[in-house]
Amino acid sequence: MLLINKRYGLYKEKGCLFLFAFFLCLSGLFGQNREIATDFKEGKGASPYVIWQWMNGLVTKKGITYDLEAYKKVGITNVQQFLIGSTQLSIEDPENTVFSDKWLDLMQYTLAESKRLGFDFGTHNCPGWSSSGAPGLDVAYSMQKVICSKTTVSGKQSKEKIIAKGEVSTEWNYYKDICIIAIPSGKKELKKEDLIIITNGLDAKDRLIKALPQGEWTVLRFGHTTTGHRNETAPLSGQGLEVDKLSKEALDHFWELYPGKLLKAMGEHAGTTFKRIEIDSYEAGNQDWTPNMAAEFKQRSGYDLLPWLITREGFILESNDHTRRFKNDWSRVINELFAQNYYGHLEELVHKTPGLNFLVEPYGTGKKNFDDSSIRGIGDMVMCEFWASPATWGWSSILPVASNAHLNGQKIVAAEAFTGQPQYAWQTDLADLKKDGDRAFCKGVNLFMLHACAHQPWPDLKPGMTMDWWGTQFGPSQTWWDNGAKEWVAYVTRCQLLLQKGLFESDICYLQLFSDKNAYSPKGFKADICNAKELQNRFSVVENKLQLPDGKTFKFLVLPKRGRIELETVKKIQELVNQGAVVIGEGFEGVPGLNNYLDENAEVQTISEKLFGAVDDKGKVQKSIRNIGKGKVYAGYSVDEVIALENIVKDVEIVDDKNDMDWIHRKDDNKHYYFISNQSSERNQKTIKFRVSEMKPEIWNAETGEMKEALVWENNGATTAVTVDMKPNESFFVVFISKIKDAEKPNIKSVTLNDKVVSTAEYITNNTEDTYLILKNKGTYKLQLNDGKVIVKKQNKDAEKLSLNTNWNVTFPEKLGAPAYAYFKELTPWNENPEFGIKHFAGSATYAKTFYLKSNQIKNKRITLDLGEVKNIATVTVNNQVAKVLWTPPFVLDISQYCKEGENKVEVKITNLWVNRIIGDKYEPEDCKWGPMRTFTYVDPNPSIGRNLLEIPDWVKNNTQRPSTNRITFSTLDFFDKSKPLLRSGLIGPVTVVIEELGQIKN
């Protein structure tokens, strides 16, 4: 068996590289299919971005260069800037206000440095993270809400009666009338003829100009005022009222106050280095009015809005059904205005600058009154979010946002990645990130935007600035930034390279008429969500499959439960069925809106009966399969039933599935990239069937860049079964990129030891030339090949093991509180060491020792180093050659190529986390001024988290010796006290060298 490295032309040997490459060119292996293999091995592709927070104006040029160079050092060249302050930080630079000369100079410097280093820069559309507010925005252009007052009057005495306004904030003192509606007192259900609607009916002193008819009246005075909402997470100098989201005119005014002004100030960088403007998750609250609302409503709904305003105050107009239909229409109009006049118009404004792109998190995480599904299809890149475990926030945003991208022809599904809750601050390592990241990949994410990456204005102080108490803190202040971050970024980059190729493979599409973050995916299948607009504008039928403009297909469409639906959507469904689509549903009751609803109801019900059949007395359709036109309707069937009846093969079938594996599939023309993740902390050997035929499976390891042919696989017509052995939390790609040649078969069918089947991954290895059986245990090995041949190898002893668990010399770096040197007679965790400086050490320390090998322990042997338990990252050097950086368990590596006869020196640089040193510093005198203890109220029970730094100490400002001379750490938020348990840290072991004999298998 030949390693895929050699087949790709990546194998090099003296004097033969040219001939070998020439041979591969002749054989066609250097074609387009193989270019991606080189990129994968070298870690080329889309690296993660960082979300780069500038905290309350505390920004320095030294820190800007420090941050950007540190990001580039580990392979990151994209920053997305946010200006954060106010409630998020107690300290500030009062001289560095937004748009001050100092601030503009720092922005220009940032873009110049970004250009120098090859970065793409983006920023939020306003200071803060939600949503669009700016200093100086006139209150008339701010978000508006309807307010109402009630006054009871007698018709005879009503003239010159004062009709008070609704409640108006004295801060803004802003109010505009909409209308007055007088209704007979005491009535809750009204007809239009009961109402008296008056516009311009008050004098300057709020008195009625004309008397009402005889009788008792309740006068409702409707007006609108500002919601008063600001972009409150911005620095105070960047705060202002949130713009009216329903008005293009208002948005134009906002644009000139911040984004447009910023772009002009950045000059040549706008659209070149300065690449992105963003709207983050919406948290600006409800808005239900805009000055042009009445006209917008009539144009979009076909009838007058004003009479129906009384339904806001609990009155029924015409009937309960009419009132419900009006409320549906008003919600729809608000959705359309948010989509077109806010999100859509901001995109238009962004695109006026060539090269500038619009990034959107198309959903809200706070109070709002628009439906997330209404703003789909807007933005050059869409982004969801997921929070680092054990927090669960954000994960439900992935499916709708990923579907948004898939349905609208976008390759990228970005995610605000690993956002952290404060009770887990500084306690996350790279292995933790891997499991969460792999899960996010399997859900559809293919670009991480790392949260948070606070700018470090004082680079020499660590861990330094935090983004308040939020986020998994990324950046050069992390202990593992210089020992593990580069390798983790390379892993993420390789994954994103393949996961951005081609199209997401999903068989099922669910039509959702309102925002729903769930869609059922049967085992072995993936699903997407579409909205009515996407169904209307982007779906066609090709060969009985639903198809999108980019070529993505679905095998069938699943409709929502029987209910109300727009007529044009029903007509589109009927059209798709007639053209050959397969549809699952229960039919429709009628339309949701008020205008012309009787006629449209009848038409919807007629089409529904044609497609799904008549309903029974309980309003349900009879279960049936209906052939209509070229298509088929499954009335009343479940998704699982239709999959069985249509005989649809699973995209991925995991034999003996225990719900501990996850996956995703990208298809790029005739190439297939399956990402497989073992989400279990246990080793997993599985046989996985992939819906690919006549192609050779390959295993591509994103941690190492290594690519090999699968060892054990079998083609079974429509599927290919591959046996994989996965370490705890391991992941890799199963790639189908090459056709099977005639008469070509996989070599290996199974391996047994003493007639018991064992793992091929554990017992077989291959190098650049040959495949070897690892004779690690005593007994008889039988290697069954697919052609029926059996290879037998006998081994008379178990693998040899050398314990390296004693007598380690450890060196610690200067100025981090630990002694320069320590001797560990036995390996024990640092946090259990009696020496205070070691017990509380945070950073990287190097263990060293020697071991001896005889010649017969090297020849035809595989030598592995097993470090046992490591907290948290290990860089292994053998005989002065760096072997590998290990950032996720198991901490085991093959060191055969580095070993020699005689003395061998092994060094292991171990990096832990900041927590222990931060706690250790609590024993030293205080030299910072802190605010009161803060409590995190978003979880129950509410934990006490920490304290905010209240002022920048003089020793920080002046860069002088700190008063508390033995303190090591400095941070802007004090997360821990002495009672916090220390984290296990160091090389804990047991450490073992394992020497295994290799039995060569001839090709």
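Buried means under 20% relative accessible area, exposed over 50%, and partly exposed in between, with a 1.4 Å probe and protein chains only. This is a predicted model: local features need pLDDT of at least 70, side-chain atom pairs count only at pLDDT 80 or more, and totals for chains, interfaces and linings use all residues. Residues are numbered from 1 along each chain as its sequence is written, and side-chain values use heavy atoms, with hydrogens and water left out.

**Exercise 1. The whole protein**

Describe the burial, overall dimensions and make-up of the protein.

Step 1. Take burial. Buried residues make up 58% of the 1003 residues.

Step 2. Take the extent. Along the principal axes, the C-alpha atoms fill a box of roughly 115 × 80 × 50 Å.

Step 3. Compare with a globule. The radius of gyration is taken over C-alpha atoms, and the globule rule is 2.2 Å times the number of residues to the power 0.38. For 1003 residues, a compact globule would have a value near 30 Å; the protein has 33 Å, which agrees.

Step 4. Count the elements. Helices (H or I, at least four residues) and strands (E, at least two) are DSSP runs, numbered from the N terminus. The protein has 20 helices and 56 strands.

Step 5. Look at contacts, meaning heavy atoms within 4.5 Å. Among contacts between residues at least 6 apart in sequence, 75% join residues at least 24 apart.

**Exercise 2. Rings and charges**

Classify the pairs Tyr 763 with Tyr 781 and Trp 808 with Tyr 847.

Step 1. Set the rule. Rings of Phe, Tyr and Trp (its six-membered ring) pair if their centres lie within 6.5 Å; planes under 30 degrees apart count as stacked, over 60 as edge-to-face and the rest as tilted. The whole structure has 58 aromatic pairs.

Step 2. Tyr 763 and Tyr 781 are 5.9 Å apart, centre to centre, with 50° between the planes, and the pair is tilted. Tyr 763 is in helix H17 (residues 760–763) and Tyr 781 in strand E39 (residues 779–785), 18 residues apart. Both Tyr 763 and Tyr 781 are buried.

Step 3. Trp 808 and Tyr 847 have ring centres 6.1 Å apart and planes at 80°, so this pair is edge-to-face. Trp 808 lies in strand E42 (residues 806–811) and Tyr 847 in strand E44 (residues 844–853), so the pair ties together parts 39 residues apart in sequence. Trp 808 and Tyr 847 are buried.

Step 4. Turn to charges. A charge sits over a ring if NZ of Lys or CZ of Arg is within 6 Å of the ring centre and within 35 degrees of the ring normal. The charged end of Arg 439 sits over the ring of Trp 395, 3.9 Å from its centre. The charged end of Lys 526 sits over the ring of Trp 663, 4.9 Å from its centre.

**Exercise 3. Backbone exceptions**

Locate Asn 872 and Pro 990, then say whether Asp 206 and Asn 860 are buried or exposed.

Step 1. Recall the background. Most residues other than glycine have a negative phi, and most peptide bonds are trans.

Step 2. The bond from Lys 871 to Asn 872 is cis, with omega near 20°. Asn 872 is in the loop between strand E46 (869–871) and strand E47 (873–878).

Step 3. Gly 989 and Pro 990 are joined by a cis peptide bond, with omega about 0°. Pro 990 is in the loop between strand E55 (986–989) and strand E56 (992–1001).

Step 4. Asp 206 has a positive phi, near 65°. At 18% relative accessibility, Asp 206 counts as buried.

Step 5. Asn 860 has a positive phi, near 55°. At 51% relative accessibility, Asn 860 counts as exposed.
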